[in-house]
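Visitor: Please take a close look at one part of this model: the contact between a charge and a ring. Then set it in its surroundings.

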Amino acid sequence: MDIIFIKDLLVRGIIGVSERERANPQDIVINIKLETDISDCGESDDIRESVNYRTVAKEILAHVENTARYTVEALASDIAQICLVFDRVETVTVQVEKPGAVRFSKSVGVEIKRIRNV
C-alpha cells in the first residue's frame, strides 16, 4: 500500500472540556496518512486516479472550524471518517494534537488508525 500524507495541518477550532478552552478557538495540529494504491496515477499522471490531498485538507479544515468537540479522540474519529469517504482510501491514520495544552509539553494528543469497512 502507498501512503499519501498531510503533515502538520494547523487549524483553529473549539476543542476541550473547560469553559476557558471552549471560549475561543485554539490551535490544533493534524497529521494524516492515507493508505491507498497510487500506482495507476503514477503511470497516468491523472489526479482522478489518486486521492487529492488538497480536497481532503479542505474538508478537514471546514469540519474542524465549524465543529466544537470536547475531546481530541472524538475529533480524530471525525477526521478518520471524513478521509474514509474518499473511495480510494483503504486505511487512515490520524494524529490530533493540542499544542501547549499541558504545561512543560510541546503538545498532547492522540493517534488513531481506521480501516475501511468492506
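Guide: Arg22 lies over the face of Tyr70, at 3.8 Å from the ring centre. A charge counts as over a ring if NZ of Lys or CZ of Arg is within 6 Å of the ring centre and within 35 degrees of the ring normal. This is a predicted model, where local features need pLDDT of at least 70, side-chain atom pairs count only at pLDDT 80 or more, and totals for chains, interfaces and linings use all residues. Residues are numbered from 1 along each chain as its sequence is written, and side-chain values use heavy atoms, with hydrogens and water left out.

Now the aromatic rings. The structure holds zero aromatic pairs (rings of Phe, Tyr and Trp, its six-membered ring, with centres within 6.5 Å).

Next, the fold. The chain has four helices and four strands, as DSSP runs: helices are H or I with at least four residues, strands E with at least two. The order from the N terminus is β-α-β-α-α-α-β-β. The C-alpha trace spans about 50 × 25 × 25 Å along its principal axes. Of the 118 residues in the chain, 38% are buried, meaning under 20% relative accessible area with a 1.4 Å probe, protein chains only. Contacts are heavy atoms within 4.5 Å. Among those in the chain with a separation of 6 or more, 60% join residues 24 or more positions apart.

Definitions and conventions. Rings of Phe, Tyr and Trp (its six-membered ring) pair if their centres lie within 6.5 Å; planes under 30 degrees apart count as stacked, over 60 as edge-to-face and the rest as tilted. Buried means under 20% relative accessible area, exposed over 50%, partly exposed in between (1.4 Å probe, protein chains only).
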